[in-house]
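I opened the model to go through its sheets, its helix contacts and a few single residues. These entries record what I looked up, in the order in which I looked.

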Amino acid sequence: MAKVALIEPKRSSTNFSSLFNNAFDFDQYQLCSDPSVKKVLKTNCDISINTDEYDWVILVGSEAVKYFTKLTKVVEYSGTVVNEKFIPVLNPSQLSFKPELKKPWEDAKDSIIKYVSGEVKLAVIDESIATGTQDTEVAKAWISNMIAAKPDYIALDSETSGLYPRNGHMIGISLSYTGKDGIYIDTDCFDEEIEMMLKYAFSSTKVIFHNAKFDMAFFEYHFGFEFPDFEDTMLLHYLIDENPGGHGLKQLSLKFTPYGDYEKPMYDWIDEYKRSNRLNQSNFSWDMIPFDIMKTYAAMDAVCTYLLYEKFSVVIERNSNLKRVYDEILIPGCRFLMEAQDNGVPFDPQRLLKSQSLMQEEIDAAINQLYEVEAVREFEKAQEKEFNPNSTVQLRSLLFDYIGLKPTGKETGTGAHSTDAEVLQLLGKEHDVPRYILNIRQKSKIKNTYLDKIIPQLDRDRRLRTNFNLHGTTSGRLSSSGKLNMQQLPRDNPIVKGCIRAKDGNKIVAMDLTTAEVYVAAKLAEDEALMDVFRSGGNFHSSIAKTVFKLPCDVDDVAELYGTQRQAAKAVTFGIMYGAGPSKISQQVTKDSGEYFSVSEAKAVIRDYFRTFHRLEKWIETNQKFIKKHGFIYSFFGRKRRLHEAKDDSSATPGQRNHSIRSGLNFLIQSTASDINLLGAIDTHKTIKQRNMKSRIFALVHDSILAEVPENEVEEYSAILTKFIQMDRGVSIPGAPIGCDFDVHDDYSLGKFEKMYGDYA
């Protein structure tokens, strides 16, 4: 029987034997023997244990994991083997206030029991499983055997010197066609024959990637390889577990293959290399890693990708909803986004440089404005030093101790009074200083986060290539990452958007879906009264207000004559889909209309709203009940949202349960609207390629599709996009296609840049 030790941060009342189903015996230790210590730090640890005496050592919580392994990501490694015998696991004490961790804990527990019992053994990696070559003839022989075997599919991975094809080269490739072994081939040994062999293999056999969008971009850019039939284990897993952050190859290999943390020795080498050569992460690149260090772990990437595909594809094949999403949205979306990313965001370098100067001038003016405030001058005299607006400590002292503003109650993680944007906005109603500080922060962020960083990252064609991700949100909406997060461009200041500018002879064409989520809700609920509002045309929120309140005027006059009712209708329309109650509606209408709107008035509006749109109310209630009963829900297009906390028998608090139910309802609407937009963009992209048009979609931002379009193609492009956005995919209101709002301008600010700053060409 295996000898097991369990180490927790300090003595607790947790019955670990019971938690592990009394499946094995163990010796229990604590890092810290002092019960008065609240948070166990390394200096508090007085544990005495010889881990060599044990076959397995279970490390409970981040403190124990870090102490024995130096790892910091407990969730990522929970239930997996590290350094041959250590098994990190989440601290079960967290489950009472983080019920979302219950499933990871259960999975880790099952894994630990299997390791300790010997049911699962950690695989040993040797040359028979993972090999590498820098020899051209050896590589040819391996590839030739692969082609001769006529496998059903090939797992393929790449090692690159950069994150973008134009900014890096391919160091080597990894292949596996059995799942039992793999090879890493240094690209320095490639010759024309090898490239032709690989081109044939990839064009005639299904190829399995993990993050296909990344790898295919490098293979196509540097070698011209084509992949007519490909799969992506990252996207497959995203459909199995839609929560962001858990789709990396390393994480999934730890969880679903017997090879453990096979990359750790390589990362240990990297850490030591960076230390000894005094390099930070920005100065290090993967081509610094010697071939002999890289080969085993790179080859294992292909082996594990193969094994993950075997597991995940079976799960997806059994679920027709998820299979449809994968085949009809994610795989086409992967190809489309790869090409949209390659189109690049068109920036005007001259305008960027001018914008840097303009924003610095605004920052300087804002700082001068702050220093002219008498309270700041007096504070500096009292402190006998210049006030630094970037110092949180000084700012906290100025606002709360010196000026005497009352803290909002919001605190930082350390328990100090917060001075974040939300707090400064509230305090700005009482004093100029917090308002001026917020202004400085906002302008500095625009310059530092956007303008300063964009210029050095432009490619030679003056375009910036960044990432759009299919797997970054639970709803299915796209996320953006990399050189520039296009989903987080400043909204209130047009300076960054104004630098996204079409080249001569072209226009930026921005298409926005109009009231898309309400449209989707009306159709999903089959609420004829709400669908009639869309059919009637005109101002949507005014039409809603006229219908709900039976206002005695034309729709066009509602905004002027019945502004409060219009704001109330608007607040309820958006609020009900996100679970807003009377209190929230009261606050929102008061804020938007400028007139006090009581909670009782809000209750009456909600009542009248649902009397008018009763099918919508029934649809909401039906789906809420389904989510509470089953703990999941499917979107119209087949995406699955898992909501374990929503179930009545979950360990979640009522607040957590209600939040989970609201998230599910939001998902049904937001996911469907997002997929309408994505599918429309995919079909439009295909069509403009087929017609050999020069129009290029370069970004999807929230409900917008952005393209750079030659002036002589604007009309044709807009017609194509409208056609595919409004195509009836089963969620269209008869007689009222979803609204498409087009803006055509030289830059993405749509004229706001020039209005604020003038014309800087």
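**Entry 1**

I began with N22, which is exposed at a relative accessible area of 59% (buried means under 20% relative accessible area, exposed over 50% and partly exposed in between, with a 1.4 Å probe and protein chains only). Before going further I noted that this is a predicted model, in which local features need pLDDT of at least 70 and side-chain atom pairs count only at pLDDT 80 or more, while totals for chains, interfaces and linings use all residues. I also noted that residues are numbered from 1 along each chain as its sequence is written, and that side-chain values use heavy atoms, with hydrogens and water left out.

N22 sits in the loop between α1 (16-19) and β2, where helices (H or I, at least four residues) and strands (E, at least two) are DSSP runs numbered from the N terminus. Its phi is positive, about 50°, although N22 is not a glycine. For background, most residues other than glycine have a negative phi. I then looked up N692, whose phi is also positive, near 55°, in a residue other than glycine. N692 lies in the loop between α27 (654-690) and β18 (696-701), and it is exposed, with a relative accessible area of 67%.

**Entry 2: the four-stranded sheet**

In what order do the strands of the open sheet of four strands run? I read the order as β2-β1-β3-β4, with parallel pairing; two strands pair if DSSP finds at least two bridges between them. The edge strands, each pairing on one side only, are β2 (27-32) and β4 (86-89). From one strand to the next the twist averages 25°, where axes are lines fitted to C-alpha atoms, for helices over the stretch in contact, and angles run from 0 to 180 degrees between N-to-C directions.

Strand β3 (residues 56-60) pairs with β4 in the parallel sense over four bridges, and V60 has V89 in β4 as its bridge partner. I next looked at the helices on this sheet. Helix α2 (residues 61-69) lies across β1 (4-10), β2, β3 and β4 and runs at about 135° to β3, whereas helix α4 (residues 102-117) lies across β1, β3 and β4 and runs at about 160° to β4.

**Entry 3: the six-stranded sheet**

I found an open sheet of six strands in the order β5-β8-β7-β6-β9-β10, with mixed pairing. Its edge strands are β5 (130-133) and β10, each of which pairs on one side only. β5 and strand β8 (residues 182-186) pair in the parallel sense over four bridges, and I noted I185 in β8 as the bridge partner of T133. Helix α6 (residues 192-204) packs on the sheet by touching β6 (153-160), β7 (170-176) and β9, and its direction makes about 50° with that of β7; contact means heavy atoms within 4.5 Å. α8 also packs on the sheet, touching β9 and β10, and its direction makes about 50° with that of β10.

**Entry 4: helix α8**

Is helix α8 (residues 233-240) mostly covered or mostly open? I found that it is mostly covered, with seven of its eight residues buried, among them M234, L235 and Y238. What covers these buried residues includes β9 (206-209), β10 (230-232), α9 (249-256), α11 (291-317), α12 (320-343) and β17 (640-642).

The axes of α8 and α11 come within 9 Å and cross at roughly 40°. That makes α8 oblique to α11, since angles under 35 degrees count as roughly parallel, over 145 as roughly antiparallel, 65 to 115 as roughly perpendicular and the rest as oblique. On the α8 side the contact is made by T233, L236, H237, L239 and I240, and on the α11 side by T305, L308, Y309, F312, S313, V315 and I316.

**Entry 5: I329**

I ended with I329, which lies in helix α12 and counts as buried at 3% relative accessibility. Leaving out residues up to four places away in sequence, I329 touches R324, F637, R639, D675, L678, L679 and I682. I329 and L398 are 69 residues apart in sequence and, C-alpha to C-alpha, 53 Å apart in space.
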